Number of protein chains: 2
Amino acid sequence: MEERNTLQKEIIYRTLREMSCHPTAGMVYEQVHLRHPAVSRSTVFRVLSRMADEGKILRLELGEIHYDAQTAPHDHVRCRVCGAVADVSRTELPRPGCDAGFLLEDRTVIYSGVCPACREKLQ
Amino acid sequence: MEERNTLQKEIIYRTLREMSCHPTAGMVYEQVHLRHPAVSRSTVFRVLSRMADEGKILRLELGEIHYDAQTAPHDHVRCRVCGAVADVSRTELPRPGCDAGFLLEDRTVIYSGVCPACREKLQ
DNA sequence: AGTTAATCAGGATTTAATCCTAATTAGGAG
DNA sequence: CTCCTAATTAGGATTAAATCCTGATTAACT
């Protein structure tokens, strides 16, 4: 028997799509739990992790793992003040001269900076 | 009173410098503990974290936090098979067109790939 | 040498993530 | 439609990195 379509998967995926804040699994669980208290936390963690393995969503490791329903190529920026994560357009990256003999397959670019809201507060 | 020079800091920093594997705090503690069993785990975590805050060493977040005594500009690659981390030369990165209103200050580039040893095993 | 605030040891605590097991259920076969 | 079975789930236990706490220690200034 192959992959099964369950209500839980549907709920979790739809919830993630509605969250534009690049949430952690815990944050997704909180949202899901509001409307669907019967869905367990294990299920949220497991389903998100598997969907990321399958490439249906993106997994972002920033200390804690964040998820992103937007799978088109893009990079990320994290606010060093409040921790907010946002998308930035992807830039071309030349191959590094020294690669230590690794076969390079993919790359993750995370910018660090200050988000608009925190820029105001710092003024 | 300002920062103090302690034997523990000296030991931890020298140990990190001798480890070229981009260790986690736990891995540094293991090494330190072999020769200096009186140094506590809290101290290793605290000292490494503070040194990273001060810019004396680099903090690398890859799920777990790794440290790097090499502070000259460079990027990193992680083997997706065995988890090994190595340095790669840093490439210039054009500013992204869309930055979501963030003030961009820094960036982290982590390549994913296969290390030389795992490339052989996969053959 | 005395003073004091920075630092430490050691253990408790937190928290994200994973693991475990019995119960449930999607989806194919008959 | 009903049965079957393997995939999935709920819920709690467990793991492991990281942080926090408290009393003891100590670097470094006077």
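1. First, a term: two strands pair if DSSP finds at least two bridges between them. Helices (H or I, at least four residues) and strands (E, at least two) are themselves DSSP runs, numbered from the N terminus. With that in hand, strand 3 of chain A pairs with strand 5 of chain A in the parallel sense over four bridges, and A:V77 has A:Y111 as its bridge partner in strand 5 of chain A.

2. Some housekeeping before going on. This is a predicted model, where local features need pLDDT of at least 70 and side-chain atom pairs count only at pLDDT 80 or more, while totals for chains, interfaces and linings use all residues. Residues are numbered from 1 along each chain as its sequence is written, and chains are lettered from A and ligands numbered from 1 in the order in which they are written.

3. Back to strand 3 of chain A (residues 75–79). Five of its five residues are buried, so this strand is largely enclosed by the rest of the structure. (Buried means that 20 or more other C-beta atoms lie within 10 Å of the residue's own, with C-beta atoms placed from the backbone.) A:D75, A:V77 and A:C79 point one way, A:H76 and A:R78 the other way, and all are buried.

4. Strand 3 of chain A also has strand 4 of chain A (residues 85–88) as an antiparallel partner, over four bridges; here A:V77 stands opposite A:A86. The two strands form a hairpin with five residues between them, and A:G83 in the turn has a positive phi of about 85°.

5. Now the domains. Chain A is assigned domain 1 (7–68) and domain 2 (75–122), with bounds that come from an automatic or database domain assignment. Their C-alpha centres lie 22 Å apart. Five residues of domain 1 are in contact with four of domain 2, where contact requires C-beta atoms, placed from the backbone, to lie within 7 Å.

6. How do the two chains relate? Chain B superposes on chain A by a rotation of 179° with 0.0 Å of shift along its axis (RMSD 0.1 Å). The two copies are thus related as by a two-fold rotation axis. In chain B, the C-alpha nearest the axis belongs to B:V109, 2.3 Å from it.

7. The contact between the chains takes 35 residues from chain B and 35 residues from chain A. Strand 5 of chain B gives the most to its side, with twelve residues. 100% of the interface residues of chain B are also interface residues in chain A, so the copies meet through the same surface.

Methods: Contact = placed C-beta atoms within 7 Å. Least-squares fit on C-alpha atoms with pLDDT ≥ 70 in both. Buried ≥ 20, exposed ≤ 12 C-beta atoms within 10 Å, placed from the backbone.
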